[in-house]
Amino acid sequence: MDDTDRSDYTPVEGPIGAGSIQTGSANPSPPAATESASVTLRVNGTMHTLATLDPRTTLLDVLREHLGLTGSKKGCDHGQCGACTVHVNGQRVLACLSLAIAHQRDEITTIEGLIDEDRLHPMQAAFIEHDAFQCGYCTPGQIMSAISLLQEAARGVPSHATPDVTAPPSLDRLSDEEIRERMSGNICRCGAYPNILAAIRQVQRTHTRGATP
Ligand code: FES
Ligand code: FES
């Protein structure tokens with residue numbers, strides 16, 4: 001039998017070529033949730049129980065889609081822009097990266113919860129006074145982060161910009177570089193950074209005169 005003899009060749013059954021690729025198994029759709037969960041959160045001072053929540057639901061989607069609190073924004077949904085920043089038990093958290101079910105009975109504060117009756121939080125007022133926004137999309141996350149920044153500095157938490165992490169600067173000695181670094185997780189596509197810095201500086205000065213951040 002020479003090289004060109006194909007008399008013993010048995011063709012493969014079924015279609016060949018691109019049409020034979022089994023796309024269903026190569027790119028499966030995500031599995032359906034098999035069960036729901038009951039999740040209770042305290043949001044801006046009010047208890048909310050979601051009795052049949054898909055356990056894969058993020059905290060951001062619970063706030064926006066289930067509770068109607070649309071102040072926290074969904075920018076990237078990947079932990080890269082900071083627009084979804086909220087406070088959980090007093091710490092800043094990216095709500096898009098956090099599952100709601102992980103926060104049973106936690107204390108959540110959103111931008112809507114900052115206002116005291118009809119009085120704006122000092123950071124909100126400073127952002128307005130210093131014109132620290134243009135489109136405003138990033139602003140709720142910027143404000144929530146800015147408040148946490150001052151609280152962290154008051155507790156002596158160092159940052160990547162701290163020259164000596166064993167001796168972090170006190171609240172009144174935070175440099176511009178420190179503030180920018182501590183706000184670096186919050187992106188502003190309008191470039192309002194100089195005015196955001198000015199607003200934070202104003203509130204910082206108030207706190208260093210004795211107010212609690
Ligand atoms: S939406 Fe959460 S970090 Fe961008
Ligand atoms: S004010 Fe527009 S993204 Fe920051």
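**Exercise 1.** For this predicted model, state what share of the contacts in the chain between residues at least 6 apart in sequence join residues at least 24 apart.

*Solution.* Among the contacts in the chain between residues at least 6 apart in sequence, 58% join residues at least 24 apart. Turning to burial, we find that 31% of the 213 residues of the chain count as buried.

**Exercise 2.** Work out which pattern of helices and strands the chain follows along the sequence.

*Solution.* The chain holds six helices and five strands, and reading along the sequence gives the order α-β-β-α-β-β-β-α-α-α-α.

**Exercise 3.** Determine how strand S1 is joined to strand S2, and then how S1 pairs with strand S5.

*Solution.* Next, S1 pairs with S5 (residues 107-109) in the parallel sense over two bridges, and Glu-107 in S5 is the bridge partner of Arg-42.

**Exercise 4.** Check whether the span of helix H4 agrees with its number of residues, and describe how covered the helix is.

*Solution.* Helix H4 (residues 139-154) has 16 residues, and at 1.5 Å a residue it should therefore span 22 Å; its end C-alpha atoms are 23 Å apart, which agrees. Finally, following H4 comes Gly-156, which has a positive phi near 80°.

Methods
Residues numbered from 1 in each chain as written. Chains lettered and ligands numbered in written order. Predicted model: local features only at pLDDT ≥ 70, side-chain atom pairs only at ≥ 80, totals over all residues. Helix = DSSP H or I, 4+ residues; strand = E, 2+ residues; numbered from the N terminus. Buried ≥ 20, exposed ≤ 12 C-beta atoms within 10 Å, placed from the backbone. Contact = placed C-beta atoms within 7 Å. Expected span 1.5 Å × (residues − 1). Pairing = 2+ DSSP bridges.
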